[in-house]
Amino acid sequence: MQTFAQTVTQMSTTTKRAATFLDKGGTGKTTSAAHLGVALAEAGEDVLLIDLAGKQGDLAKHFGVWEEVQEQIDEGDDWPNISTVFAEEWDQIATKLGDAAVESLIIETDEGVDLIPAHPGLDSLDADLGNIDDARERYSRLEQFLDEYIDDSYDTVIIDLPGLTNNVSYNGLWATKHVIAPVEMGPFESEQAAALRNDLEKIHDRFNVAVELAMVLPNKVDRRTNLANEYLETFGEDYADAIAPAHVPVSQDIRNAADDGQTVFALEEPSTTAERAREAFLENASALQRRLDGSA
């Protein structure tokens with residue numbers, strides 16, 4: 001049997017993109033982005049994570065670099081930042097600053113992934129984008145940035161999007177063309193997953209832009225409850241082509257690791273549930289890469 005690393009090595013070198021998104025907060029989008037990114041990095045991938053989920057900087061906190069980011073903001077050394085790349089002037093800024101324009105956006109983490117952290121400028125970004133009359137121009141700013149400034153440097157880019165549908169999340173969907181939808185086992189998440197699938201169809205019908213539901217990722221699953229088992233089966237039936245091969249179990253270690261600024265991959269003495277979560281993210285990362293590569 002091939003190892004995950006061997007599978008990744010044989011894949012296309014074209015940069016792959018995906019976004020974690022569901023029109024609901026608290027389903028584990030940031031946790032999923034962080035852990036899938038680290039799983040890919042452990043297999044030898046060059047991975048960039050981009051936090052568009054809001055100024056709170058949860059991805060940076062997840063990797064223990066938020067204090068560094070906050071210090072840059074407090075000292076006024078936070079320009080350019082992730083919100084800047086959406087500006088009409090970005091190309092001029094990049095030309096003037098050269099390689100430093102993009103390099104200054106990126107922070108290295110201790111777990112093998114690079115990160116473009118969130119910034120307070122994201123607060124006004126939705127409204128700023130809303131002022132662009134042409135819809136294609138409004139929704140393609142991030143895609144243009146990735147095409148011209150990122151793709152040559154990374155194997156995979158994963159973007160953590162806001163937990164609501166707005167101009168920022170549409171930019172992420174448009175730019176990546178692939179969605180990872182973490183879902184908890186409940187009726188509201190089931191409704192939101194169905195709404196997401198309908199929204200992706202509307203994007204295709206309106207703009208002729210195909211955005212694929214690449215992975216429905218059951219998260220925080222407690223197999224000891226009948227409700228979790230019922231919804232796990234339902235998601236598997238309703239999203240047979242997109243369901244993740246492994247569910248992520250509920251684990252206090254995941255929360256504790258995040259509070260300590262790391263993923264469960266960095267734990268020296270993981271619990272049984274943390275070990276199962278590691279294995280699930282590794283298996284799901286392998287499946288995600290095959291799907292993004294078009295080989296599954």
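Predicted model: local features only at pLDDT ≥ 70, side-chain atom pairs only at ≥ 80, totals over all residues.
Axes are lines fitted to C-alpha atoms, for helices over the stretch in contact, with angles from 0 to 180 degrees between N-to-C directions; helices (H or I, at least four residues) and strands (E, at least two) are DSSP runs numbered from the N terminus. Contact (heavy atoms within 4.5 Å) involves R141, L142, E143 and L146 of α9 and N171, G172, W174 and A175 of α10. By class, this contact of α9 with α10 has 4 nonpolar, 2 polar and 2 charged residues, where Ala, Val, Leu, Ile, Met, Phe, Trp, Tyr, Cys and Pro count as nonpolar, Asp, Glu, Lys and Arg as charged, and the others, Gly among them, as polar.

Helix α5 (residues 90-97) also packs with α9, at an angle of about 25 degrees and with the axes 12 Å apart. That angle makes α5 roughly parallel to α9. W90, D91 and A94 of α5 meet F145, E148 and Y149 of α9, a contact with 4 nonpolar, no polar and 2 charged residues.

Residues are numbered from 1 along each chain as its sequence is written. Local features need pLDDT of at least 70 and side-chain atom pairs count only at pLDDT 80 or more, whereas totals for chains, interfaces and linings use all residues; side-chain values use heavy atoms, with hydrogens and water left out.

Note on methods. Parallel < 35°, antiparallel > 145°, perpendicular 65-115°, else oblique.
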